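Please look at the structure below before reading on.

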Amino acid sequence: MPDGVVWPAAEPSRSWLNLSPQTRASLEIALTIAGLLVATLLGAALAIIEALYSPLRIGGWRVPVSLVMALATNPLLGWFAYTTTRRRLAALLPAAAWCVVWVLAAGRTSEGDLIITEDNWVGLLTLFAGPLAFAIGIYISTLRSRPAPPASASAGT
């Protein structure tokens, strides 16, 4: 820095930590609701995409794109809902949205069409593995949030 250069004084920033307690509480509630809404809508949107990809075939062979998507994204959705709300039961909302879409996809439309047919092993396996992936994600999030036992309790006598 050359001699004689004077930097202007930094202006005080308005941090959200300096907000009043009522404003901070309202902001936390709004962010919690927004996070839960995003997780639930993502659960429904991913379920629709996965259901539509379940009958995918390439060269006559079924491709398990929806199964891989469900196994990768469902635990993350449960973790996201739990992290944004700090409540374990909140992770059930995206799981419920996902399951509702898949149950609807397994039924017949008014025209008699089916997305998940009895010979669609990808769809049936995704319908079974998707909720299990949510459960595993919620279980792992719960284990990580538990405090460690005190050192004296873990020492054997």
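In which helix is the place of Trp121? In this predicted model, Trp121 lies in helix α4, which covers residues 121–145. With a relative accessible area of 43%, Trp121 is partly exposed, and together with Leu125, Phe128 and Leu132 it makes a nonpolar surface patch of about 420 Å².

The chain as a whole holds five helices and two strands, and their order along the sequence reads α-β-β-α-α-α-α. When contacts between residues at least 6 apart in sequence are considered, 68% of them join residues at least 24 apart.

Side chains of opposite charge can pair when their charged atoms come close. A search of the whole structure finds one salt bridge, in which the side chains of Asp119 and Arg62 meet at 3.9 Å, N to O. This pair links distant parts of the chain, since Asp119 sits in the loop between α3 (92–106) and α4 whereas Arg62 belongs to strand β2 (residues 61–62), 57 residues apart.

The table lists the accessibility of the residues discussed individually.

| Residue | Relative accessibility | Class |
|---|---|---|
| Trp121 | 43% | partly exposed |
| Asp119 | 48% | partly exposed |
| Arg62 | 13% | buried |

Key: Residues numbered from 1 in each chain as written. Predicted model: local features only at pLDDT ≥ 70, side-chain atom pairs only at ≥ 80, totals over all residues. Heavy atoms only, no water. Helix = DSSP H or I, 4+ residues; strand = E, 2+ residues; numbered from the N terminus. Contact = heavy atoms within 4.5 Å. Patch = residues over 30% accessible without salt bridge, like charges linked within 9 Å, V, L, I, M, F, W, Y side chains within 5 Å. Areas by Shrake-Rupley, 256 points an atom, 1.4 Å probe, with all protein chains shown as cover. Salt bridge = Lys/Arg side-chain N within 4 Å of Asp/Glu carboxyl O. Buried < 20%, exposed > 50% of the residue type's maximum accessible area, 1.4 Å probe, protein only.
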